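Hi,

Here is the model I promised to pass on.

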Amino acid sequence: MQTRSEVPAGAAGTVRDAVRGAVEDAIQAPSVHNTQPWLFGVRGSRISLRADPERRLDVADPQGREMLISCGAALYNLRLSLRARGFEPVVRPLPDPDRPHLLADVYAEPDPEQADADTSRDHAQIARRRSHRGGFRDVPVPDGVLNALRHEAEREGARLVQAVDAHVKGALAALTDAAEHVQRRVPSYAAEIARWAPSPRTARRDGVQQGSYPARTPRTEPNFAARDFARGHGWGVEPAGDHGDALAGIVVLLVTAEDTPGAWLRAGQALERVLLRAAEHDLAAAYHTQALQVPELRAFIRHHFCGDAHPQMLLRIGVPEGGDLTTVRRPVEDVLSEET
Ligand SMILES: Cc1cc2nc3c(=O)[nH]c(=O)nc-3n(C[C@H](O)[C@H](O)[C@H](O)COP(=O)(O)O)c2cc1C
């Protein structure tokens, strides 16, 4: 039986099928707190991607920067999926200055060339990618793979800056910890986390649910604070085995030269492109965006560690410890509408 991610190379069905399949792939993208802040309007071969401002994090993300990064990640999946289905995506980003939530119009043009094996392999990673929350195994990431990840970011107009120096890594961990403390003492922030980390009894298909984080996060050196999704309820997946020697992994900042909606959308596409290439090598990423949500700390990170480029994401990358973490998505019908 053929599943969503097993599109044979060059399988060009009807535009209608391809567009629906591509939107199903787009919504597998990562999004901040699994808010899934996207809407897709389809008219013939045109797919319009919109941000859904109802799903923006008003407290942690008032500018909508992380909302647009999330939508950018979905846009990358949409592009890749159309290619795998035999269509060339022609993208017009932010096509209407009077409609800031309209993030892109994507036209699915028939492609006479068959999708090649590389495209099909990249596409298959959409279903394999998962956010990791915890430590990494003591398995080195080859330099060649790290270079490939850098290259993927650059192809989308962003850059990966690696924290090689132990003190830089330590400082980023300490700033993450500081941000986590600052955020936990703000009631509106805690309420926002509570809204997006529902209880295990929930019927919702969004938010960070208990199957997607460990009940106890193994400490690493340096230690990067995890978000408090369980809020003292003891929720989360019981770790299998002893993870005493977990590593922090490779620490990278994804940066852009500008800090505009267009740059955030590019950062999201770069993020997903990097994550899919990582997944191909059985690597996963853990995200720590707490410090980037506190403006003073983000400015500090920018000036000290990014050569004045704008930090958009802080990631740890490695071979994941444990596994079996799950995630949820809303049905495609909730986000896809036909436009007349
Ligand atoms: C912009 C952005 C910021 C994120 N920040 C964090 C974070 O600080 N901590 C965390 O555990 N996950 C973070 N995530 C990961 C999301 O929680 C995750 O993508 C979502 O729960 C869906 O799960 P999945 O990626 O496994 O499909 C972030 C994702 C994005 C796109």
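**What I found**

Phe300 is partly exposed, with a relative accessible area of 36% (buried means under 20%, exposed over 50% and partly exposed in between, with a 1.4 Å probe and protein chains only).

Before the rest, some housekeeping. This is a predicted model, so local features need pLDDT of at least 70 and side-chain atom pairs count only at pLDDT 80 or more, while totals for chains, interfaces and linings use all residues. Residues are numbered from 1 along each chain as its sequence is written, and side-chain values use heavy atoms, with hydrogens and water left out.

Back to the rings: the structure has two aromatic pairs (Phe, Tyr and Trp rings, the six-membered one for Trp, with centres within 6.5 Å; planes under 30 degrees apart are stacked, over 60 edge-to-face, the rest tilted). Phe300 and Phe305 have ring centres 6.4 Å apart and planes at 70°, so this pair is edge-to-face.

Next, the sheet. It is open and antiparallel, with four strands in the order S5-S6-S8-S7 (strands are DSSP E runs of at least two residues, helices H or I runs of at least four, numbered from the N terminus; two strands pair if DSSP finds at least two bridges between them). S5 (159-162) and S7 (284-287) are the edge strands, each pairing on one side only. From one strand to the next, the twist averages 40° (axes are lines fitted to C-alpha atoms, for helices over the stretch in contact, and angles between N-to-C directions run from 0 to 180 degrees). Four bridges link S5 to S6 (residues 250-256), and Val161 stands opposite Leu253 in S6.

Which helices sit on the sheet? H4 (residues 143-155) touches S5, S6 and S8 (310-318), at about 140° to S5 (contact means heavy atoms within 4.5 Å). H7 lies across S5, S6, S7 and S8, at about 150° to S6.

H7 (residues 261-280) spans 29 Å from first to last C-alpha over its 20 residues, close to the expected 28 Å (1.5 Å times one less than the number of residues). Of those 20 residues, 17 are buried, so H7 is largely enclosed by the rest of the structure.

Most residues other than glycine have a negative phi, and most peptide bonds are trans.

- Asp282, in the loop between H7 and S7, has a positive phi of about 60° and is partly exposed at 48%.
- Leu94, in the loop between S3 (87-93) and S4 (102-110), has a positive phi near 40°.
- Glu221 and Pro222 are joined by a cis peptide bond, with omega about -5°.
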